[in-house]
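This report goes through a single protein model. The sequence and the structure come first.

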Amino acid sequence: MPAFTSIKAKAIGIAVDQGVNMLYDDFDGNLPKVESLINKFAGSGDSINEAQLRLFNMVMGYVKDPTNNWRRLVDNIINNVDKDVVKTFVHNFFVNSVTIGGARQREVNDTEGCNCPWAILMDPTTRCNLHCNGCWAANYTNANHKDLTFEELDSIITQGKALGTYIYLFTGGEPMVRKHDLIRLCEKHPDCFFSAFTNGTLVDEAFADEMLRVKNFMPAFSIEGFEEATDSRRGEGTFKRVTHAMDILRERKLPFGASMCYTSANYDSITSDEYIQFLVDKGVLFAWIFTYMPVGLGAPVELLATAEQRAGMYDKVRKNWRNNVPIFFADFWNDGEYTGGCIAGARRYMHINAAGDVEPCAFIHYSDSNIREKTLLECYKSPLFKSYQAHQPFNSNMLRPCPLLDNPGKLSEMVHETGAKSTDYVHPEDVDELESKTQAAAAAWAEKSAPIWAASPKGRLSDRLAKETGDPNVWVKY
């Protein structure tokens, strides 16, 4: 890690701790001092790159305004989240991952010629304590269950840190089936930030106390509506158990988020003002927004969100929620302009399933590598991941980032040229058949999204630069 000596890393950590202490003591009085401290520190060397500094100063401008929604979110955090947990998050996320890890990732990208991700998503298990309607895990017998061992999870994290990755996310199955191992990983890697997409029913007082002890674990509860909608899919009493888990964490001043997957059937419910206010009232601080993907044999195509619903989500997030709701929202399909398109294939993140198969994305169940047979770096340099790297971005319209949902033909091209295999545990899915499910939705969204993208600031920049250079994707460099 030549760009960051241990002395420099320690100095960054001390500055972060000092800044958080100052803001908790007197936010308004000390905010200018913290801003000056960070800018002075950034000017002393290469600790913070220019883009990161611009982003920091932009956010500073927002939080100085007491009427701004970002300020409301920061006030909510300071008033309701344990200070030492915030210190750990800021240190692990912004210092270790963004600053130190980012420099290392760029070095690996340059020297090895491959993508190196900011975050790794892993499935500790396929097991789940619920049997939700429509979920593939509900159909598994005990003989079908798969797990990554603690040693394998630990090895992935150890290798990942050496390559600059300090963010680790868990899904499943239900990752909390392995909650004791997850806490062990938090203990062993206190310099990392961990999160899990969870149904929340296994979060109890004892686990919350462990979270408060390790301070580097933050769950996102998968909840798609109120009691009737939740229990009809997940089982009677599930909604009350999840909301009780939220209450347990809030009592201990622990941060948590929500995972929202919208379909053609639940769109109206989870975008309602009542539902969003419910999330605020329960103490949700961040929300990951996903759209339904018809992955897996027999997955109902009719649940795909319509083009009108996807445009509606774009408007809800951009024009309403980010201005008025004190929750950080990330819309993984409609935020492509901020990420330069698809982030999968280790460009920003990748997925490892419970059998060790290394996949470009949690929704792309194809692989040519397994972590039990290759090192993490070798997986990043595999034909499938290199093909992703060569083809990204998949569309000059950043509202169409996905090779499967938005650009039929792109995924099958990469799978066929690399010989990647389906990693579905029960019914391997032919990639051409999978793509046939999304063709109509992709065509409708291509038409609907074109004027939205053209009218956006980056859409206008993209059009101007494309005309000047002849390269439709040149704007990503800017």
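The sections below cover the basis of the model, its sheet, its salt bridges and a surface patch.

## Basis

The model is predicted, so local features need pLDDT of at least 70 and side-chain atom pairs count only at pLDDT 80 or more, while totals for chains, interfaces and linings use all residues. Residues are numbered from 1 along each chain as its sequence is written, and side-chain values use heavy atoms, with hydrogens and water left out.

## The sheet

Nine strands form an open sheet of mixed pairing, in the order β7-β6-β5-β4-β3-β2-β1-β8-β9. Strands here are DSSP runs of E with at least two residues, helices are runs of H or I with at least four, and both are numbered from the N terminus. Two strands pair if DSSP finds at least two bridges between them.

Strand β2 (residues 167–170) pairs with β1 (residues 119–122) in the parallel sense over four bridges; Met-122 has Phe-170 of β2 as its bridge partner. β2 also pairs in the parallel sense, over four bridges, with β3 (residues 193–198), where Phe-193 stands opposite Ile-167. Together with helix α7 (residues 179–188), β2 and β3 make a right-handed β-α-β unit (with the strands pointing away from the viewer, the path from the first strand over the helix to the second runs clockwise). Both faces of β2 are covered: Ile-167 and Leu-169 on one side, Tyr-168 and Phe-170 on the other, are all buried. Buried means under 20% relative accessible area, exposed over 50%, and partly exposed in between (1.4 Å probe, protein chains only).

## Salt bridges

The count comes to 25 salt bridges, each a side-chain nitrogen of Lys or Arg within 4 Å of a carboxyl oxygen of Asp or Glu. Asp-75 and Arg-71 form one at 3.0 Å, N to O. Because they are four residues apart in helix α4 (residues 69–80), about one helical turn separates them. Asp-75 is partly exposed at 26%, whereas Arg-71 is buried at 6%.

Glu-112 and Lys-381 meet at 2.8 Å, N to O. This pair links distant parts of the chain, 269 residues apart: Glu-112 is in helix α5 (residues 83–112) and Lys-381 in the loop between α15 (376–380) and α16 (383–391).

## Surface patch

Leu-55, Met-58, Tyr-62, Trp-70 and Phe-328 form a nonpolar surface patch with about 450 Å² of accessible area together. Patch residues have over 30% relative accessible area and no salt bridge; like charges are joined within 9 Å and nonpolar side chains (Val, Leu, Ile, Met, Phe, Trp, Tyr) within 5 Å. Areas come from the Shrake-Rupley method with a 1.4 Å probe, and for residues only the protein chains shown count as cover. Helix α3 (residues 50–64) gives the most, with three residues. Phe-328 lies in strand β7 (residues 328–331) and is partly exposed at 36%.
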